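Biologist: Please show the model, and then let us discuss its features in turn.

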Amino acid sequence: MSDPTDVRLAARYRPRLLAERAEILAASDNTGDSRKPVELDQQSVGRLSRMDAL
């Protein structure tokens with residue numbers, strides 16, 4: 001059987017945690033394009049050119 005304290009704490013914090021999770025997922029969706037791997041231009045030569053691409 002569950003501890004009544006655990007049930008009360010879960011009831012208290014679950015809505016906040018779900019809201020925060022939704023906010024994090026929305027932020028992740030909004031920044032997905034920014035986190036895609038950078039494709040290097042193989043025509044460019046040298047370390048500085050690759051760094052510029054990043």
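**Helices, surface and charge pairing**

Modeller: This is a predicted model. Tyr 13 is found in helix α1, which covers residues 4-30.

Biologist: How many helices and strands does the secondary structure of the chain come to?

Modeller: Helix α1 is part of that secondary structure. The chain as a whole comes to two helices and zero strands.

Biologist: Is Tyr 13 buried or exposed, or in between, and which residues make the nonpolar surface patch?

Modeller: Tyr 13 has a relative accessible area of 33% and is therefore partly exposed, since that class lies between 20% and 50%. Patch residues need over 30%. The patch, of about 280 Å², is made by Leu 9, Tyr 13 and Leu 17.

Biologist: Which residue forms a salt bridge with Asp 33?

Modeller: Side chains of opposite charge can pair when their charged atoms come close. A search of the whole structure finds one salt bridge. Its closest N and O atoms are 3.3 Å apart, and Asp 33 is joined there by Lys 36.

Biologist: What percentage of the residues of the chain count as buried?

Modeller: Both Asp 33 and Lys 36 are exposed. Buried means under 20% relative accessible area. Of the 54 residues of the chain, the share that counts as buried is 0%.

Terms used: Residues are numbered from 1 along each chain as its sequence is written. This is a predicted model: local features need pLDDT of at least 70, side-chain atom pairs count only at pLDDT 80 or more; totals for chains, interfaces and linings use all residues. Side-chain values use heavy atoms; hydrogens and water are left out. Patches are made of residues with over 30% relative accessible area and no salt bridge: like charges are joined within 9 Å, nonpolar side chains (Val, Leu, Ile, Met, Phe, Trp, Tyr) within 5 Å. Accessible areas come from the Shrake-Rupley method with a 1.4 Å probe; for residues, only the protein chains shown count as cover. A salt bridge is a side-chain nitrogen of Lys or Arg within 4 Å of a carboxyl oxygen of Asp or Glu. Helices (H or I, at least four residues) and strands (E, at least two) are DSSP runs, numbered from the N terminus. Buried means under 20% relative accessible area, exposed over 50%, partly exposed in between (1.4 Å probe, protein chains only).
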